[in-house]
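Welcome! Take a moment to turn the model around on your screen before reading on. The report below walks through a few of its features, one by one.

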Amino acid sequence: MTDATRISLTIPHDLGGLRLDVALQRLMPDHSRSRLQAWIKEGLVIVDAKPSTSKTKVWGGEQVVVEVQAKPETYAFTAEDIPLDIVYEDDHILVINKPAGMVVHPAAGNWDGTLLNALLFHAPQLKDVPRAGIVHRLDKETSGLLVVAKTLAAQTNLVRQLQARTVKREYRAIVWGQIWRNGVVDQPIGRDPRSRTKMAVNRMGKPAITRYEVLERFSVQTYMRCNLETGRTHQIRVHMQFLKAPIVGDPVYGFRGIVPIRAMTQTLRDEVSQFNRQALHAIKLGLNHPETDEFMEWQIELADDMKALLEAMRHEDVRDDEEDFELSMEPYLSDEDYEDDLEGDEDFDDDDDLELEE
């Protein structure tokens, strides 16, 4: 999505001897030098009817034409006709099955093509609701269910439910290694001091609790159910890394060299090599309807790519001692056992749940 404005200007003689990008930045202070350099590189800046480079010297008197491109953030709240997989909708809420690869909310590097853009097209009235009604989110490469408020009242109600940890969110994950029993990871999560773009178990972080249950165990992988009592950024992914059982396909929280190629059949090798996202799926969502206060719950099937990966895993050799496998030393808590817990994923699927706007 682009929108350009053509500007014609003449390089003044008092800027003679400067590089083209420097001279343009002096003449167009509303645009950063890096942005101007990008336009020059893309051929959007013509000097005396000829393309130039950023290093080209100007001496004054040159006729310059600049195709000024709108800033990408201009499109952050633009409606876009993007298909949505709507699981449920009424006058107050929308429940969406988000595909892997879709960003929920615009941010640097992803200013358009997001769920927010799609929501504004589907329900134009959402332009009057903060964040277009988004109250929690899933990471770009995590698939599954999330709820969107269609009114300010519904949004306020849902945010309070998230804060009270009464929203139910269940995830399915495929991890590397064999997890032998159900358990709980109770480790605080904060920014990774070595990389500000990542999260990590950090003593100075916020409390984070993930409950996990083994559903199937294979020779080199485990299929799990995960429920969160808190909603921290990348919580499941960070906690699985802490267990030394990172999620299959996770490019950020995986371990180098962990893929046990020699222990896998060719079928499984092929599926793993083709699986290009973290194997994490928000499969169940439950909440009190913001208008009626009735508890409602939705469950979808596992994403197709994760189904295919599981089928390949099931064709691996079964361990001789499989029948002796005991799930846990302590019983796993079912949804009914902790009705007041919040199951996020990566905080908002793993992004801390949104706060009410003032």
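A search of the whole structure, which is a predicted model, turns up one aromatic pair. Its members are Tyr88 and Trp298, and the pair is tilted. A pair of aromatic rings is described by the distance of the centres and the angle of the planes. Here the distance is 5.5 Å centre to centre, with 45° between the planes. The pair counts as tilted because planes under 30 degrees apart would be stacked and planes over 60 degrees apart edge-to-face.

Where do Tyr88 and Trp298 sit in the chain? Tyr88 belongs to strand β5 (residues 86-89) and Trp298 to strand β15 (residues 295-299), so the pair links distant parts of the chain, 210 residues apart. The table shows how accessible each partner is.

| Residue | Relative accessible area | Class |
|---|---|---|
| Tyr88 | 24% | partly exposed |
| Trp298 | 10% | buried |

The two fall into separate classes because buried means under 20% relative accessible area.

Another ring to look for is that of Trp180: Arg217 lies over its face, at 3.8 Å from the ring centre.

**Helices to look at**

Now find helix α5 (residues 235-242). Is this helix enclosed or open? Six of its eight residues are buried, so α5 is largely enclosed by the rest of the structure. The buried residues are Gln235, Ile236, Arg237, Val238, His239 and Met240. After α5 comes Lys244, and the phi of Lys244 is positive, near 60°.

Next, look at helix α6 (residues 266-274) and helix α7 (residues 304-314), which pack against each other. Two packed helices are described by the angle between their axes and the distance between the axes. For α6 and α7 the angle is about 160° and the axes are 8 Å apart. Angles over 145 degrees count as roughly antiparallel, and α6 and α7 are therefore roughly antiparallel to each other. Their crossing is left-handed. Which residues of α6 and α7 meet? Thr267, Leu268, Glu271 and Val272 come from α6, while Ala308, Leu309, Ala312 and Met313 come from α7.

**The chain as a whole**

Finally, step back to view the whole chain. Its secondary structure comes to seven helices and 15 strands. Of the 358 residues in the chain, 49% are buried. Among contacts between residues at least 6 apart in sequence, 71% join residues at least 24 apart.

Definitions and conventions:
Residues numbered from 1 in each chain as written. Predicted model: local features only at pLDDT ≥ 70, side-chain atom pairs only at ≥ 80, totals over all residues. Heavy atoms only, no water. Phe/Tyr/Trp six-rings, centres within 6.5 Å; stacked < 30°, edge-to-face > 60°. Helix = DSSP H or I, 4+ residues; strand = E, 2+ residues; numbered from the N terminus. Buried < 20%, exposed > 50% of the residue type's maximum accessible area, 1.4 Å probe, protein only. Lys NZ or Arg CZ within 6 Å of the ring centre and 35° of its normal. Axes fitted to C-alpha atoms, helices over the stretch in contact; angles between N-to-C directions. Parallel < 35°, antiparallel > 145°, perpendicular 65-115°, else oblique. Left-handed = near helix turned anticlockwise from the far one by under 90°. Contact = heavy atoms within 4.5 Å.
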